[in-house]
Protein chains: 2
Amino acid sequence: MFENFKIYLIEKAGLTEEEFNQLSPTLQTKVVSKGDFLLKQGEICQHSFFVEKGLLRSYSIDLTGKEHIIQFAPQNWFISDRSSVYFNEPSDFFMEAIEETSVVILNKNFITLASEINPSFGQYNEVLLQNHIRQLQKRVNQLLGASAEMRYLNFIQLYPDLTLRVPQWMIASYLGITPESLSRVRKELASKNFKSK
Amino acid sequence: MFENFKIYLIEKAGLTEEEFNQLSPTLQTKVVSKGDFLLKQGEICQHSFFVEKGLLRSYSIDLTGKEHIIQFAPQNWFISDRSSVYFNEPSDFFMEAIEETSVVILNKNFITLASEINPSFGQYNEVLLQNHIRQLQKRVNQLLGASAEMRYLNFIQLYPDLTLRVPQWMIASYLGITPESLSRVRKELASKNFKSK
DNA sequence: TTCATTTCTTATCCTACATCAATGCGTTAT
DNA sequence: ATAACGCATTGATGTAGGATAAGAAATGAA
């Protein structure tokens, strides 16, 4: 039920099995079918989710009705709208299952509780937070400075597994370009590789 | 010397004067002349800085040699490269004074120390962190979805004071457009306002 | 199997913004 | 004063990527 989550916490956050068992009563799980939502724009996000299996995406919809993918969350990733949780504000984002996905639901005080039980969890959580910031920073930097092609190359290098699993129009949305443009970029890249051999 | 910083911590983070005095021996200050650097790309960032007075910017330089402004830091702002500090990695960024600026220098363990002295500091630090994430998230979202004009309008609404104080080419760099484009956007906006009266 | 739906590609045209170049105008330095 | 520099504006031209449309390929459903 929480198998991956358990293994994950023990390996990464340094919990013991007993400590995990103390926490597990506060956990719930849920299976989300492809296309179903864990959060919608305007709702206040109440939880963090850990992906046991499957694949989620979070995205916003802008004034002109266009989707922009903020994040993908494959197996063993956490996903949430931290700001919405923390400040109790309506979220700007949707969270939707790309494949049938089973998640572990962590309520607001899980982190506090786990940190009390074992401070090394608190430290690990800090690492996740700092990583999150780093990743956002990099993304801003890329959006400011890199061409569609460079962003795509970066993406496939960073998330090679996702590149295969996710429809291209979603990758385009993550990169901030249209599916047609991505198709052109790919064609262009293919011809370059061909020539260079 | 630390006047603003002291007031700031007492007001915002809930420290007492005595608590602040316990911390102050670990602090240093520095005056940075216009155009001088607190950090350069490739260095490992060792500190956080609090702007007592003046104005800083952080920016990166991309492969093609172009600058991209990541953040402005006016009076009473903290600035740092959290990732570089936390992970002990070389920074991607420069930190430079736009005006003559005096900063308070916080070394790596200041936060821990202050949180031990008064836990409410720890909480306040958490708020800053969460705000930082929220702001980065918004920026990604805008870069993905909004036109130059919308981004500019957003900027002047969010940082009206900076709009006056900072040269336009820096605002352009923050927005991810050229100074020429920003000039055109402004012209366009001016004519719209004129017509609408 | 066949029909329908979603995804990907390709082609054409279009637009927001970049690039390049010239001009003017404050500010600082001599 | 005047030279020199940084900054903003304007105009002319270029280009990456958007919009639209249509067809091919893949997926899925009956």
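How do the residues of the surface near DNA strand D divide into nonpolar, polar and charged? Point 1 takes this up; the model is a predicted one.

1. DNA strand D, make-up. The surface near DNA strand D has 5 nonpolar, 5 polar and 6 charged residues.

2. DNA strand D, elements. Two or more residues each come from helix 6 and helix 9 (179-195) of chain A, and from helix 8 (168-175) and helix 9 (179-195) of chain B. Helix 9 of chain B gives the largest share, 6 residues.

3. Chain A against chain B. Here 24 residues of chain A are in contact with 24 residues of chain B. On the chain A side, strand 5 (67-74), helix 3 (82-87) and helix 5 each supply at least two residues. Helix 5 of chain A provides the largest share, 13 residues. That side of chain A divides into 9 nonpolar, 9 polar and 6 charged residues.

4. Helix 5 of chain A. Residues 119-145 form this helix of 27 residues. Its first and last C-alpha atoms are 39 Å apart, close to the 39 Å expected at 1.5 Å a residue. Its buried residues are A:Phe121, A:Gln137, A:Arg139, A:Val140, A:Gln142 and A:Leu144. They pack against helix 4 (110-117) and helix 6 (148-158) of chain A. From chain B, strand 5 (67-74), helix 3 (82-87) and helix 5 (119-145) also pack against them.

5. Nonpolar core. The largest nonpolar core holds 87 residues. A:Leu56 and B:Leu56 touch the most other members. Beyond its neighbours within four places in sequence, A:Leu56 contacts residues including A:Val51, A:Ala73, A:Ile79 and A:Met95.

Key
Residues numbered from 1 in each chain as written. Chains lettered and ligands numbered in written order. Predicted model: local features only at pLDDT ≥ 70, side-chain atom pairs only at ≥ 80, totals over all residues. Helix = DSSP H or I, 4+ residues; strand = E, 2+ residues; numbered from the N terminus. Expected span 1.5 Å × (residues − 1). Buried ≥ 20, exposed ≤ 12 C-beta atoms within 10 Å, placed from the backbone. Contact = placed C-beta atoms within 7 Å. Nonpolar A, V, L, I, M, F, W, Y, C, P; charged D, E, K, R; others polar. Core = buried A, V, L, I, M, F, W, Y, C linked by C-beta atoms within 7 Å.
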